[in-house]
Amino acid sequence: MVIKMRFIADHDLHIHSTVSPCCHDENQTPEAILEYAKKNNFRKICLTNHLWDETVKSEAEWHDGQRFCCVESVLPLPQSENVKFLFGAETDMDYNFVLGISPERYEKFDFVVIPTTHLHLAGNTVRTKLLTPEEAADHWIKRLEALLKMDLPWHKTGIAHLTCGHIFKGSVPDVIKLLPDEKLYDIFTDCSEKGVGIELNMKTLNLTDEVKNIMLRPYFIAKDCGCKFYLGSDSHKISALETVKENFEDIITSLDLKEEDKFGFVMNE
Ligand SMILES: [Zn+2]
Ligand SMILES: [Zn+2]
């Protein structure tokens with residue numbers, strides 16, 4: 001019998017620093033983030049501040065702090081012997097399915113995370129506030145399908161937090177429950193063929209078994225489709241960094257992930 005090696009939590013590819021308008025912790029600096037990586041024995045981390053590339057036209061209005069010059073202002077990033085600190089961004093998609101990054105700007109980043117689930121931004125990612133789980137589930141599917149129709153450098157792209165709290169102001173599990181198995185199989189087969197990374201950052205530690213089963217179903221289907229995964233804490237403050245590793249380990253255990261399930265981008269270089 002071949003024993004497959006457990007997925008090692010040796011990276012965090014989704015982290016914000018003070019440059020993000022939604023980061024309110026002045027201590028969340030690249031230097032402090034590098035210390036966090038060293039403490040947890042990570043060998044690769046990526047700073048992914050919010051980007052709306054101002055060269056991309058959008059009907060929606062985006063925060064000035066999301067312009068490329070703001071995101072770029074973190075450079076050069078501090079490095080250490082054992083940790084590679086990468087320059088990335090978390091871009092967004094407006095309600096017309098326009099993606100907030102041009103091909104020229106894409107090249108400037110080592111890695112880009114794309115959330116299709118920022119469904120809380122009425123007037124930006126959705127036209128008006130979503131009122132029912134059904135509406136949220138519909139947007140969840142349509143936005144992800146729209147993203148997958150794009151021609152992007154998938155090998156350096158991650159799909160961020162597919163089961164995050166931004167999906168619906170009410171109960172997120174009520175939305176996830178509505179996503180049909182067949183639809184998820186179609187979507188994740190496409191993800192697998194394109195070679196895009198699927199992000200894991202959900203806080204599974206304190207969930208009941210019932211909720212955990214509901215929330216993990218999309219990831220089990222993704223795994224079944226051959227998708228590859230990376231870890232991303234989506235941390236916005238220093239205090240949140242303390243429990244990241246423990247949560248990563250819990251989600252790895254819950255999904256029974258092996259090293260072979262790891263996104264190629266993490267392994268490269
Ligand atoms: Zn996000
Ligand atoms: Zn984020």
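Modeller: Glu31 and Lys39 are exposed on one side of helix H1, in what is a predicted model. Helix H1 spans residues 30-39, and Pro30, Ile33, Tyr36 and Ala37 are the ones buried in it. Looking down the axis of H1, these buried residues fall within an arc of 115°, so they line one face of the helix. What that face packs against can be named too: the buried residues of H1 lie against strand S1 (11-15) and strand S2 (44-50). Just after the helix, Asn41 has a positive phi of about 60°.

From here we can turn to the core of the model. The largest nonpolar core has 67 residues, and Ile45, Ala136, Val175 and Cys191 are those with the most contacts inside it. Helix H4, residues 133-148, gives the most to this core, with five residues. In soluble globular proteins, nonpolar side chains tend to be buried together.

Leaving aside residues up to four places away in sequence, Cys191 touches Leu148, Ile159, Val196, Ile198, Ala222 and Cys227. Helix H7 covers residues 209-224 and has a kink of about 45° at Leu216, shortly before the proline Pro218. Just after H7, Gly226 takes a positive phi of about 90°.

Note on methods
Residues numbered from 1 in each chain as written. Chains lettered and ligands numbered in written order. Predicted model: local features only at pLDDT ≥ 70, side-chain atom pairs only at ≥ 80, totals over all residues. Bend = angle between axes of the 7 residues up to and from the residue. Helix = DSSP H or I, 4+ residues; strand = E, 2+ residues; numbered from the N terminus. Core = buried A, V, L, I, M, F, W, Y, C linked by C-beta atoms within 7 Å. Buried ≥ 20, exposed ≤ 12 C-beta atoms within 10 Å, placed from the backbone. Contact = placed C-beta atoms within 7 Å. Arc of directions from axis to C-beta.
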